[in-house]
Amino acid sequence: MRKIIVGVMGPGEKAIASDLQNAYELGSLIAQEGWILLTGGRNAGVMDAANKGAKSANGLTLGILPRNEQDSICDEVDIAIFTDMGNARNNINVLSSNVIIACGMGAGTASEIALAVKANQPVILLTDDAESKVFFKKLSPDNVYLVDSAIDAIATAKAILQ
């Protein structure tokens, strides 16, 4: 039986406090479900917080890194995949995940959501950004799910994955 991989995507250096709190909680809840956490793997923002949350609950973490730079890896990443592809690695993140949870918003996160929409992948959007919610829900009414908390995101992921 294939393990479930949940991708948590979100801003790096520009993540806000609520993004970091949500990401940490998401990582912990994903690990508690026995799912594998997939992130961009860097030691910044949502990626870092989600990995720390997953490790706090003894989860397995997978990082798909944009460059071949050892010093940019989050310490809590168990398996690091170095792509040396820059932002092109976003497609790998999306296609390798059973479900995507977008935590916060930034240009990279928006690109990952758009790639997921194109690939018919389910996206759970956890952000305070009202314009992003409207935009992405309009792009894909059936595959974009809006939630207000990490707990709601996990409940939605469970429903999608059934």
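These legends describe close-up views of one predicted protein model.

Residues are numbered from 1 along each chain as its sequence is written, and side-chain values use heavy atoms, with hydrogens and water left out. Because the model is predicted, local features need pLDDT of at least 70 and side-chain atom pairs count only at pLDDT 80 or more, while totals for chains, interfaces and linings use all residues.

**View 1**
The protein chain has six helices and seven strands. Both are DSSP runs numbered from the N terminus: helices are H or I with at least four residues, strands are E with at least two. In sequence order the pattern reads β-α-β-α-β-β-α-β-α-β-α-β-α. The C-alpha trace spans about 40 × 35 × 30 Å along its principal axes.

Of the 162 residues, 51% count as buried. Buried means under 20% relative accessible area, exposed means over 50%, and partly exposed lies in between (1.4 Å probe, protein chains only). There are 13 positive and 18 negative side chains, and the centres of the two sets lie 6 Å apart. Lys and Arg count as positive, Asp and Glu as negative; His and the chain ends are not counted. Each charge is placed at NZ of Lys, CZ of Arg, CG of Asp or CD of Glu. Among contacts with a separation of 6 or more, 58% join residues 24 or more positions apart. Contact means heavy atoms within 4.5 Å.

**View 1. The largest nonpolar core, around V8.**
A nonpolar core is a set of buried Ala, Val, Leu, Ile, Met, Phe, Trp, Tyr and Cys residues joined through side-chain atoms within 4.5 Å. The largest one has 24 residues, of which V8, L26, I30, I101, I124 and I154 touch the most other members. Two or more residues each come from β1 (5-9), α1 (17-32), α2 (45-56), β5 (99-103), β6 (123-126) and α6 (150-161). Helix α1 gives the largest share, five residues. Beyond its neighbours within four places in sequence, V8 contacts L26, I30, L37, L38, T39, V46, A50, I101 and C103. Another core, of 16 residues, lies apart from the largest one; M9, L38, V123 and L125 are among its members.

G7 lies in strand β1 and counts as buried at 0% relative accessibility. Not counting residues up to four places away in sequence, G7 touches L38, S97, V99, I100 and I101. A50 is 43 residues from G7 in sequence, and the C-alpha atoms are 9.9 Å apart.
T39 lies in strand β2 (residues 36-39). T39 is also buried, at 0% relative accessibility. Its contacts, leaving aside neighbours within four places, are V8, M47, A50, N51, L62, G63, I64 and N93.

**View 2. Two loop asparagines with positive phi.**
Most residues other than glycine have a negative phi. N58 has a positive phi of about 60 degrees although it is not a glycine. N58 sits in the loop between α2 and β3 (61-65), and is exposed, with a relative accessible area of 72%. N120 likewise has a positive phi of about 60 degrees. N120 is in the loop between α4 (107-118) and β6, and counts as exposed at 58% relative accessibility.

**View 3. K133 and P141.**
K133 is found in helix α5. Leaving aside neighbours within four places in sequence, K133 contacts L125, T127, L146 and D148. P141 lies in the loop between α5 (130-139) and β7 (144-147). At 49% relative accessibility, P141 counts as partly exposed. The C-alpha atoms of P141 and V117 are separated by 9.9 Å, and the two residues are 24 apart along the chain.
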